[in-house]
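Here's a quick tour for anyone meeting this structure for the first time. Take a look at the model, then read on.

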Amino acid sequence: MFFITYLRRELRRRMRQAIFIALGLALGIGLVVTVTAASAGVKKAQSDVLKSLYGVGTDVTVTGAAPKPPTPGSGPPKGGQTFQISPAGAQVCNDGKCHSAAGQTIDHLGSASYNPISQSEVAAVSRLKGVRAAAGGLALSDTSITIPKKFGQPGAPLPTPNSFNVQGVDTSHLSLGPLSAGTITSGRSLTSSDAHADVAVVDSGYAKSSKLKVGSTVKVVGHSFKVVGIVAQPQAGSPPQVFIPLARAQALGKAAGKSLKNEVNTIYVKASSAADIPAVQNEIKKLLPSGTVTTASSLASQVTGSLSSTAKLANDLGRWLSILALIAAFAVASLLTMAAVTRRVREFGTLKALGWRSRRIIAQVMGESLVIGIVGGVAGVALGFAGAAIITAVAPQLSATVASATGQQVVSAGGGAARGFSPTVPHTVAVPMSATVTAAAVVAAVVLAVIGGLLAGSFASWRIARLRPADALARVA
Amino acid sequence: MYRLTDVTKLYAKGRQTVPAVRDLTLVIEDGEWLAVQGRTGHGKSTLLNLLGGLDRPTSGTIELDGRNLSRLREDQVTRLRAESIGFIFQTFNLVPTLSAAENVEAALIPLRAGAAERRRRVDVALDSVGLGDRARHLPGEMSGGQQQRAAIARALVKEPKVLLADEPTGNLDEDTRDEIINLLEKLWRERGLTLVLVTHDTAIARRAQRVGVMSKGLLSVHGVAAT
């Protein structure tokens, strides 16, 4: 076919220039693909973090309101526990009765992040329109503080809290909640028959660090639970480390000194469809005005650390860099194509003299530009894959941090006005950074390549359309 | 037949207006060979461009077989060139990336002839100019004379009524020049073409039926003064 022959020969004649233009387009498109891949990887990491917070099948999460922080001098709530640190030493007070805490280990299972919600509210939520299923859970922290015997004396070490997260799981709704996001790697998961049993499933990372395996014993506020399974979870800001049946967590946990029997502090909700999520969110807010109702998208802001920074970098800076690179690539392609057309003015004038219409000549030039664009696009996709592979290979692990409360109140009464605070333990986990080239990115790259080629050709075509044959033929070859 | 009536072509050069062709009235009969001589810059090529519809006169009319070229739309003029007018240029103007056969074929593309028909006509055209064995050669692989032969084949493959040649031997040596002029004369006679040939060479001009001389945009035809 004459069109193809002419196109092929012309591209071969200016092979170097064609390669240069294609390379420029490839770099711009490759950057777009790489940034898109990095962004997709970060989004996946964020999604994994969010999934492990609330589980795969959860669309809406309801948590109890955050308790008010203690005011200095207000004292502990009834049944509550406080530490007092003074020049005299450390004291622990329960219900107003205090004794020396030196040499003691204080162990508490509770949550200072969320107030309890009555378990009857879970049933009410499940009956709402648009709700497919609802399950209650208890997100607790087991915090132990060992007070050194010589605490308070000069040179004595300070007490530090040790904490691990405990999740009370509704064993009749295992598809909802954080446990649903994990994969059992050893043993088994909890079952409905474990509802009142002292059994636990342990996070794989925690199991490794604590030297636990199936059959081991893990203690929760001093009570022994048999490990029946090990679960590998997506990296998260604050993944539960020990899963026990909800009824057992209710029996062992305390909130402001009170038992958590028939209480939950988190409700996991599965909507009938994605379209129902906003309506379900609103209905739950009306039903539980004091609770905090969140969806997966609103949780993203709670996660800090380099994961968040990288997400911003990929989305903001990365996007603008890509746009600028593309504009530069398109501009260079257009300029070089225009220059090539200018050099061929005499040739095009001759073709017009032969009776070629402008649009025929334009089609020829556009065809050449399109081929260069497509070559650039293919090379750009390849560069994008390479860039994504490099990011996955060399990018440092990102961190995601969520601060979780220990459930303790500490009042310092020494050297001035009394101060109260609820110590928090930040949970920072490493999140592997990977860049994934999606099918959408490849399609976008091809579309950009075609646009780039057509854009470059269109400027040249405008030149051709305005070309007067007599002027073109008058040019010295 | 060409009929030119009071044709003037003005060009703007900066602030000045330059008359390339002035008040030209001329009739070129079918099958006539008109040679046009003159010094560089006196309007010879402009006249050729006007005859070929590559440019439009500033005033006056140019009729080809009763059709006023200056009144036709651009696509109509282009169609006319595709079907009826062949061009030969001093610098051959072959597309450097296409072979001799493909350059000749380029003239048939606007006529939308089928591939087989194009091949047949290209072969005939190249044979008629003695280039049958050079069909696959690129312009860069041919001598000047061979390139001009290919250009002649390209001009004639569409079997035009009119052949416009602008200094066809200007870039050739003496021997090759004679070859080309002999070829053109032969083809002119065989096909009954209307041939308008611009040349510096008086010897070549004398071979034509009529000779016109362009001087500062005015044409005086041998024996007949243009008004």
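Where in chain B is the place of B:N93? Look in the loop between β6 (85-88) and α3 (100-106) of chain B. Keep in mind that this is a predicted model.

B:N93 isn't a glycine, yet its phi is positive, at about 55°. Is this residue buried or exposed? B:N93 is buried, because 24 other C-beta atoms sit within 10 Å, and the cut-off for buried is 20 or more.

B:K216 also isn't a glycine, and it has a positive phi of about 50°. You'll find B:K216 in the loop between β9 (210-215) and β10 (218-221) of chain B. With 14 other C-beta atoms within 10 Å, B:K216 counts as partly exposed.

## A sheet in chain B

Chain B has an open sheet of 4 strands, running in the order β2-β1-β4-β5 with antiparallel pairing. At its edges are β2 (16-28) and β5 (67-68) of chain B, each pairing on one side only.

Zoom in on strand β1 (residues 2-13) of chain B: it pairs with β2(B) in the antiparallel sense, over 9 bridges. Across from B:L10 you'll see B:P19 in β2(B).

## Where the chains touch

How many residues does the contact take from chain A and from chain B? Chain A gives 19 residues and chain B gives 21 residues. On the side of chain A that touches chain B, the elements giving two or more residues are α1 (2-13), α9 (345-354) and α12 (469-474) of chain A. Sorted by class, that side of chain A has 10 nonpolar, 3 polar and 6 charged residues.

Note on methods:
Residues are numbered from 1 along each chain as its sequence is written. Chains are lettered from A and ligands numbered from 1 in the order in which they are written. This is a predicted model: local features need pLDDT of at least 70, side-chain atom pairs count only at pLDDT 80 or more; totals for chains, interfaces and linings use all residues. A residue is buried if 20 or more other C-beta atoms lie within 10 Å of its own, exposed if 12 or fewer, and partly exposed in between; C-beta atoms are placed from the backbone. Two residues are in contact if their C-beta atoms, placed from the backbone, lie within 7 Å. Ala, Val, Leu, Ile, Met, Phe, Trp, Tyr, Cys and Pro count as nonpolar, Asp, Glu, Lys and Arg as charged, and the others, Gly among them, as polar. Two strands pair if DSSP finds at least two bridges between them.
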